[in-house]
Amino acid sequence: MDGTLLDSEPLWDIAMADLALRHGIMMSPALRESTLGNSLPDAMTKVYDAAAIAEPDRDRDGDYRWLLDHVAGLFAAGLPWRPGAAAALDLVAGAGLPMVLVTNTVRELTDTALETLGRDRFTATVCGDEVPVGKPAPDLYLRGAALLGLTPDECLAVEDSPTGTVAATAAGCPTLVLPSAAPVPSGNLRTFRESLVGLTLDDLTDAWTGQHPGHRSDHRDMPR
């Protein structure tokens, strides 16, 4: 969602920088990059570590609520689309392919974002607070595939962050990677594209069948 479909990472930049200031440090580029695509608890832990806050002094519940409220306010002011994202969703829907939104963002904020994305576009949505462990663990993608009654290798994931890409490929999903705020290294099950602008069904087919060399590259073999 964040950074793939919606250009919301700049809003998270603001929120994370303000969280760092709340704990007496400046958000460095390296620290911000390390938090991209993280679950909220993981991102908060990295800020705590950078600020050298001892474990007994970490107000996780208070900071979690503060961060959610802060991001909700930023989201409410408007969520711009990533280039080509709306057309890509329409393309997939027009082909009759079900889509699951898989995000580390918690349900509370995802529901706000779905007002922009359109909740009816998705067969299901899976949020970071609805699985035992968020990205980079594979739980979210395993859950998303299960909701469709499919195995992960029958699905094509679309990701923009190193954390999300690790989660998708660890689950066994062929993954179309669109690097945005941070570079994503090449690796198993990964096909790279600059953006969603001009995306075609052939591009999606190639990204999936490229990881399944025994499959023919035509629309009959696209992920379901």
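1. Phe-75 touches Asp-2, Ser-8, Leu-11, Trp-12, Leu-109, Thr-112 and Ala-113, where residues up to four places away in sequence are not counted and contact means heavy atoms within 4.5 Å. This is a predicted model, in which local features need pLDDT of at least 70 and side-chain atom pairs count only at pLDDT 80 or more, while totals for chains, interfaces and linings use all residues. Residues are numbered from 1 along each chain as its sequence is written, and side-chain values use heavy atoms, with hydrogens and water left out.

2. Phe-75 is also, with Leu-67, Leu-117 and Phe-122, among the residues with the most contacts inside the largest nonpolar core, which has 46 residues. Such a core is a set of buried Ala, Val, Leu, Ile, Met, Phe, Trp, Tyr and Cys residues joined through side-chain atoms within 4.5 Å, where buried means under 20% relative accessible area, exposed over 50% and partly exposed in between (1.4 Å probe, protein chains only). At least two residues of this core are supplied by each of H1 (9-22), H3 (40-50), H4 (60-76), H5 (85-94), H6 (107-117) and H9 (201-209), and the largest share, six residues, comes from H1. Helices (H or I, at least four residues) and strands (E, at least two) are DSSP runs, numbered from the N terminus.

3. A second, separate core has ten residues, including Val-102, Val-126, Val-131 and Leu-140.

4. In H6, the buried residues are Arg-107, Leu-109, Thr-110, Ala-113, Leu-114 and Leu-117. They lie on the same side of H6 because they cover an arc of only 150 degrees around the axis, the arc being that of the directions from the helix axis to the C-beta atoms. These buried residues pack against H1, H4, strand E1 (100-102) and strand E2 (124-126), and H6 is followed by Gly-118, whose phi is positive, near 95 degrees.

5. Glu-9, found in helix H1, is buried, with a relative accessible area of 10%. Leaving aside neighbours within four places in sequence, Glu-9 is in contact with Asp-2, Gly-3, Arg-32, Leu-36 and Gly-37.

6. An open sheet of three strands has the order E3-E4-E5 with parallel pairing, two strands being paired if DSSP finds at least two bridges between them. Its edge strands, E3 (157-159) and E5 (190-192), each pair on one side only. Three bridges join E4 (residues 175-177) to E5, and Thr-175 stands opposite Arg-190 in E5. Helix H8 (residues 162-171) lies across E3, E4 and E5, running at about 165 degrees to E3; axes are lines fitted to C-alpha atoms, for helices over the stretch in contact, and angles run from 0 to 180 degrees between N-to-C directions.
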